[in-house]
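Hi,

Here is the structure I promised you. Have a look at it first, and then read on for what I found.

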Amino acid sequence: MKRIVKVNFLGGAGTVTGSKFLLETSECNLMIDCGMFQGLKELRELNWVDLPVDVPRIDLVLLTHGHLDHVGYMPRLIKQGFKGEIIGTSPTLAIAEIILRDSAKIHEEEAKKANKEKYTKHNPALPFYTINEAEKTIKYFKSVELDSWVQLSENISVRFQYNGHIIGSTFIELEINGKRLVFSGDVGRKNDYLLSNPKKPQWADYLFVESTYGDKLHPEQDVEIVLADLVKKTLQNRGNLIIPSFAVERLQTLMYILWKLYKQNKIPDIPIFIDSPMGKNVLDVFKYYPNWHKLPESEYYAMCNHINIVSSYKETWETIDDRRAKVVIAGSGMVTGGRVLTYLQQYIDEPSTTVLLVGYQAEGTRGRQLIEGAHEIKFFGKYYPIKAKVEHIESLSAHADQGELMDWLDEIKNIPEQVYLIHGESNALNAFRVKLETINKWRVKIPKLTDIDQLII
């Protein structure tokens, strides 16, 4: 018997962040990812608006991976009445736990700072969610094995499959009434420093695929040569190399590359500081889940011993006061918050400083402003002139580019009834749509935020 499945595009539609896709079926209601919006103000303001659906009727949340734009809305979901389980792989839940606690702490600190220094229009400024609300969310977590079908109801089952990107990351396959729905999550890349190659879907009746770099091929940069050159110039200029970094995967990759360069005598013994409490905790996830990555245990410990891990805000200021040339890797990756702002506050007006951006920078973020050549940047309620050099390494991205996405899709044996392009900005979505329509001859749709589609299954 044919049934209707309603797909609600509540985030990650027409934009890269805020991934949230609600499937309403006659047997249960499932949300795929539950992320918060980042970047443009009009998107960030949507985080504060309750979802236009009956949240208490959502039975399960299925997580592709632990990044903030895929998990950061969960405390708000619970506030709106969600009482079901939150399901993901063990490392995904470990990452989500770290990210929720860390972001809650940042939300609380920023609200307190804004109220104290009165640089907010809100009276009072409130945290998006609190540490207590993050802790409450974590109690809903339930882990699932990789590659195994799990029965969710009489005619619905789910399977999580490895897709690189970050530790724990998966694409999700749902079997509903004999039809297969595939949610790509964020697809990783081949030949990653730390992760294995992504697995590929074999069948998809309905396909929901990310398009972050749907209009681009990553440049053929030799990351090691670029990094080594920047380190040497930093030493010559007696300056600081500041690398805003995503705490999950990118930070660990940078640590590994810098350690490898030092070990091979390609860079001198420059002080390297990691200032990201979350990044430090993610390192522990690598230790606890060795089967999810390629870094040998001996290399892991050697790398950690070589690099200075900053563990307190007091040590942040000690690092700033250290006048030696140095490398500082600090959160956050899009310069939207975190410890990196404290370093930029002190160093961004110095010509001897280099700011190196190493991943995707969403519209409306400070990282995007830096790449686009802004002459000043605003944070903590003030404008700071940019005299530092700004560099960008796109080839360190953890997202597949257009060619890699096409490669990821090339083992699908059938012609999908419908392909939905999600998790992308307008140019990327349209370029990837044209590619799939032209090359694969697939039916492709680009949903907008709050669109609802009905699938006959």
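To begin with, at the start of helix 6, which backbone nitrogen does a side-chain oxygen of Asp222 reach? That nitrogen belongs to Glu224, and the oxygen comes to within 3.1 Å of it. Please keep in mind that this is a predicted model.

Now for the helix as a whole. Helix 6 runs over residues 223-236, which makes 14 residues. From its first C-alpha to its last it reaches 20 Å, close to the 20 Å expected at 1.5 Å a residue. Just after the helix, Arg238 takes a positive phi of about 50°.

Next, which residues of helix 6 are buried? They are Val223, Glu224, Leu227, Ala228, Leu230, Val231 and Thr234. These residues cover an arc of only 165° around the axis, so they sit on the same side of helix 6. On the face turned away from that buried side you will find the exposed residues Ile225 and Gln236.

Leaving out residues up to four places away in sequence, Leu227 touches Ile243, Leu254, Ile257, Leu258, Leu261 and Leu356. The largest nonpolar core has 76 residues, and Leu227 is among those that touch the most other members, along with Met31, Leu77, Phe82, Ile243, Met303 and Val327. Apart from this core lies another one of 27 residues, including Leu62, Phe160, Tyr420 and Leu455.

Happy exploring!

Definitions and conventions: Residues are numbered from 1 along each chain as its sequence is written. This is a predicted model: local features need pLDDT of at least 70, side-chain atom pairs count only at pLDDT 80 or more; totals for chains, interfaces and linings use all residues. Side-chain values use heavy atoms; hydrogens and water are left out. Helices (H or I, at least four residues) and strands (E, at least two) are DSSP runs, numbered from the N terminus. The expected span of a helix is 1.5 Å times one less than its number of residues. Buried means under 20% relative accessible area, exposed over 50%, partly exposed in between (1.4 Å probe, protein chains only). The arc is that of the directions from the helix axis to the C-beta atoms. A polar contact is a pair of N or O atoms within 3.5 Å; within protein, one must be able to donate a hydrogen and the other to accept it, and residues adjacent in sequence count only if both atoms are side-chain atoms. A nonpolar core is a set of buried Ala, Val, Leu, Ile, Met, Phe, Trp, Tyr and Cys residues joined through side-chain atoms within 4.5 Å. Contact means heavy atoms within 4.5 Å.
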